Amino acid sequence: MKYSQLSLSRRGLLAAGGAAGAGALLAACGGKEETGSSPATTAAGPWAFTDDQPKEHKADKAPGKIVAFTGTAAALVDLGLQDRIAGVFGETKKADGTAEEQAGDLDINKVQIIGNAWGEFSVEKYAALQPDLLVTHMFDPGAYWYVPDASKDQILKLAPAATITVGRVPLNKPIERYAELAKSLGADLDAPKVAEAKARFEKAAADLSAAAKAAGGVKVLFGSGAADIFYVSSAAVSSDLMYFKELGVDLVMPEVKGADYFESLSWENADKYHADIIFLDARTGTLQPNDLASKPGWAALPAVKANQVFPWQAVPVYSWASSAPLIEAITAALTKSKKLA
């Protein structure tokens, strides 16, 4: 999926009341092994969690069957909840059958994929799973990430839906919130693998802060390449960039309008901002350095000439385990790069 399609303005997928046909759909449909940490147990007694709408969710017991956006599922897996994930939606499986990057350690062969691209969400498959809870990101207030407008009313009628804010807050905040959600569901945050991942994340953050200070004003740009446009991402709204900036990385701050996540530049104007390092969106569907080699606007950029271009996973998995390597990659790039004239 192209960056322009995926990001847009992180357009809202606003929640609304249930559709009239949802009850009939329910009637028609009828009623992983853990990857490291200790298996989660369903929390005993009543379950309660307040999401970031904010909406308070309550049940007699913790949800046992969860359907989630793929990146959300990956975060919950990192916290020990693989066996709770019944289905996922969002880019999950590549054409060759392998997992997309944002799937993380999720066992994609043990979950039902009810949508594998923007706009795809099988309401029938979702209902057939009889989920206890849907969980997804919230980039904008009231928005359910990757829940399509066309079927949103039906989807939200079938099960409670919880959201965690991942826009306009630094990376560590949604990580902490997903950990809180996982704990409420029975995850053991003191399990060795989880505790080690948290310690690694904290060390990575400290190391990046030290590297940024030592870099001496090396300018860093995060962007994405498309056929006719070079998108320059803003640290004012993107959680990972906001966190990197808080840690001292000298980021290019593009001119954005309102809540936009990026500035769109034609390739003729791709040199609007000087950058010593470019981190390029590495997601499936975005253009990579080899794809951009023929574009004069790309080839002329100082960072490209100096071979100071590095991959960037533009939609992070919000867990300590998955985000620590992202931060370490920024540190490694800063350490090996130099300030350009």
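This is a predicted model: local features need pLDDT of at least 70, side-chain atom pairs count only at pLDDT 80 or more; totals for chains, interfaces and linings use all residues.

Me: Why are helix 7 and helix 12 called roughly parallel?

Reply: Two packed helices are described by the angle between their axes and the distance between the axes. For helix 7 and helix 12 (residues 320-336), the angle is about 20 degrees and the axes are 8 Å apart. Angles under 35 degrees count as roughly parallel, and helix 7 and helix 12 are therefore given that label. Helix 7 passes helix 12 in a left-handed crossing.

Me: Which residues of helix 7 and helix 12 make the contact, and what is its make-up by class?

Reply: Helix 7 contributes V194, A197, K198, R200, F201, A204, A205, D207, L208, A211, A212 and A215. From helix 12 come W320, A321, S323, A324, P325, I327, E328, I330, T331, L334 and T335. By class, this contact has 16 nonpolar, 3 polar and 4 charged residues.

Me: What makes S151 a buried residue?

Reply: The relative accessible area of S151 is 11%. Buried means under 20%, so S151 is classed as buried. S151 is placed in the loop between strand 6 (133-138) and helix 5 (152-158). Leaving aside neighbours within four places in sequence, S151 is in contact with F121 and V123.

Me: Why does A86 count as buried?

Reply: A86 has 18% relative accessibility, which is under the cut-off of 20%, and A86 therefore counts as buried. A86 belongs to strand 4 (residues 85-89). Not counting residues up to four places away in sequence, A86 touches K65, I66, V111, Q112 and L129. Of these, V111 lies 25 residues from A86 along the chain, with 5.2 Å between the two C-alpha atoms.

Me: Y146 and R168 both have a positive phi. How do you know whether each is buried or partly exposed?

Reply: Y146 has a relative accessible area of 2%, under 20%, so Y146 is buried. For R168 the value is 31%, which falls between 20% and 50%, and R168 therefore counts as partly exposed. Phi is near 70 degrees in Y146 and near 65 degrees in R168; Y146 is a residue other than glycine, and so is R168. Y146 lies in the loop between strand 6 and helix 5, and R168 in the loop between strand 7 (161-165) and helix 6 (172-184).

Me: What makes helix 8 mostly covered?

Reply: In helix 8 (residues 239-246), 6 of the 8 residues are buried. They are S239, D240, L241, M242, Y243 and F244. Just after helix 8, G248 takes a positive phi of about 110 degrees.

Me: Which residues touch the most other members of the largest nonpolar core?

Reply: In this core of 88 residues, they are I85, F89, Y126, F222, F279 and L334. Helix 7 (residues 192-215) gives the most to the core, with 8 residues. Another core, of 15 residues, lies apart from it and includes F230, V232, Y273 and L292.

Me: What does Y126 touch, not counting residues up to four places away in sequence?

Reply: Y126 touches V67, I114, F121, P131, L134, I155, L158 and A159.

Me: Which peptide bond is cis, with omega near 5 degrees?

Reply: The bond from Q53 to P54 is cis. P54 lies in the loop between strand 1 (47-50) and strand 2 (56-59).

How values were computed
Residues are numbered from 1 along each chain as its sequence is written. Side-chain values use heavy atoms; hydrogens and water are left out. A nonpolar core is a set of buried Ala, Val, Leu, Ile, Met, Phe, Trp, Tyr and Cys residues joined through side-chain atoms within 4.5 Å. Buried means under 20% relative accessible area, exposed over 50%, partly exposed in between (1.4 Å probe, protein chains only). Helices (H or I, at least four residues) and strands (E, at least two) are DSSP runs, numbered from the N terminus. Contact means heavy atoms within 4.5 Å. Axes are lines fitted to C-alpha atoms, for helices over the stretch in contact, and angles run from 0 to 180 degrees between N-to-C directions. Angles under 35 degrees count as roughly parallel, over 145 as roughly antiparallel, 65 to 115 as roughly perpendicular and the rest as oblique. A crossing is left-handed if the near helix is turned anticlockwise from the far one by less than a right angle, and right-handed if clockwise. Ala, Val, Leu, Ile, Met, Phe, Trp, Tyr, Cys and Pro count as nonpolar, Asp, Glu, Lys and Arg as charged, and the others, Gly among them, as polar.
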